[in-house]
Amino acid sequence: MSGGEVAGILVAVFWAILVSFLALALVRLAQTLKAATRLVAEVTDQAVPLLSEASATVREANTQLARVDSIASDVQEVTSNASALSSTVSTAFGGPLVKVAAFGYGVRRAIGRKGRAEDESAPARTVVIGKTLPSARRGGRRNRGSKG
C-alpha cells in the first residue's frame, strides 16, 4: 500500500465520520423542529378558546359598565332633586321658623325680665360701654383643657 492509498483511506474515514456527525445533528434538529411544531399547535389550540372567553368577558364588562353608568346618572338626578327640594323647603319654611323662634325667644326674655322686676333682691347689672365682659358660660365643659 502506498502513501497515496493510505491518505485516501484516511480522508474517506474522516468524511464518513463527518457525515455521521452531520446526520446525527440533522436528526436532532428534525426532532427539535417536530417538538416546536407540536408545542405551537398546542398553544394555538389553547389560545383560541382563551381569546373567545376574553372577548365574551370584555363584552359582559361593557354591558355592566353601561348599567353602572345608567345607575350613576339616576343617582345624580336624585341628588339634584334632593338638593332642589332641600333648598325649596329651606326657603319655604326657614324664614317663618326663624321668625317663630325669634318670637319665642323674645317672649321668654320678656317673661324673664318681668319675673326679675318683681324680685328686687336680684343684684343690678352694670353696663360698661366699650368693654367686653366675659360671659358666665364661656370656658364651659367643652372648652376646658381637662376632661374632668
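## Basis of the model

Residues are numbered from 1 along each chain as its sequence is written. In this predicted model, local features need pLDDT of at least 70 and side-chain atom pairs count only at pLDDT 80 or more, whereas totals for chains, interfaces and linings use all residues; side-chain values use heavy atoms, without hydrogens and water.

## Fold and annotated segment

Residues 6-29 are 100% helix and 0% strand, with 34 Å between the end C-alpha atoms.

## Surface

Of the 148 residues in the protein chain, 0% count as buried (buried is under 20% relative accessible area, exposed over 50%, partly exposed in between; 1.4 Å probe, protein chains only). The accessible surface is about 13700 Å², and carbon and sulfur atoms account for 65% of this (Shrake-Rupley method, 1.4 Å probe; for residues, only the protein chains shown count as cover).

Ile9 lies in helix 1 (residues 3-118) and is partly exposed because its relative accessibility is 43%.

The whole structure holds one aromatic pair. Phe14 and Trp15 form this edge-to-face pair, at 6.2 Å centre to centre and 70 degrees between the planes (ring centres within 6.5 Å, using the six-membered ring of Trp; planes under 30 degrees apart are stacked, over 60 edge-to-face, the rest tilted). Phe14 is exposed at 52% relative accessible area, while Trp15 is partly exposed at 48%.

Key: Helices (H or I, at least four residues) and strands (E, at least two) are DSSP runs, numbered from the N terminus.
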